Amino acid sequence: IVGFITFWEFGGVLFGEHLAIDDSLRGKDIGGAAIEFLKEKSLATGKPLILEIEIPTDPLKIRREQFYLRHGFVMNDIKHFQPPFHKGEAPLELLIMSYPSHISQGVYDRFYPEYKAIMPAF
């Protein structure tokens with residue numbers, strides 16, 4: 001296993017939930033190939049591909065944002081909070097990126113209830 005990517009198809013979108021590549025294999029375009037696979041699926045289905053990233057406040061988070069920008073994603077001006085994974089924690093503000101173009105608030109509003117339903121309930 002060199003890495004993995006997970007995605008969901010619901011709420012009228014494809015949601016790229018997680019992409020991870022073994023540290024020793026980064027920079028070899030394995031992650032790029034995985035993203036290109038999802039982009040092809042997005043175009044074939046006519047559904048926008050969206051993902052969430054942490055606010056780019058350190059070099060790793062900036063690198064992650066730039067990776068998605070290089071692969072044609074755009075940043076959306078939509079307030080988004082990931083529900084907490086553990087009881088007592090606060091929701092985490094994240095940024096929404098999408099491909100092939102920006103998504104509307106209406107698209108996001110259809111996506112979010114189903115997104116929230118897949119998150120662990122505490």
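**Strands first, then the cores**

Let's start with β2 and β3: 3 bridges join β2 to strand β3 (residues 49–53), and the two run parallel. Strands count as paired if DSSP finds at least two bridges between them. Strands (E, at least two residues) and helices (H or I, at least four) are DSSP runs, numbered from the N terminus.

A word on the model. It is predicted, so local features need pLDDT of at least 70, and side-chain atom pairs count only at pLDDT 80 or more, while totals for chains, interfaces and linings use all residues. Residues are numbered from 1 along each chain as its sequence is written, and side-chain values use heavy atoms, leaving out hydrogens and water.

Now the other partner of β2. Strand β1 (residues 3–10) pairs with β2 in the antiparallel sense, over 8 bridges. Gly3 stands opposite Ile21. Thr6 stands opposite His18. The hairpin has 2 residues between the strands, and Gly11 takes a positive phi near 60°.

On to the core. Which residues have the most contacts inside the largest nonpolar core? They are Phe15, Ile50, Ile103, Tyr108, Phe111 and Tyr115, in a core of 13 residues. A nonpolar core is a set of buried Ala, Val, Leu, Ile, Met, Phe, Trp, Tyr and Cys residues joined through side-chain atoms within 4.5 Å. Buried means under 20% relative accessible area, with a 1.4 Å probe and protein chains only. β2 (13–21) and α3 (105–118) each give two or more residues. The largest share, 5 residues, comes from α3. Apart from this core lies another, of 11 residues, including Leu38 and Phe73.

Methods: Buried < 20%, exposed > 50% of the residue type's maximum accessible area, 1.4 Å probe, protein only.
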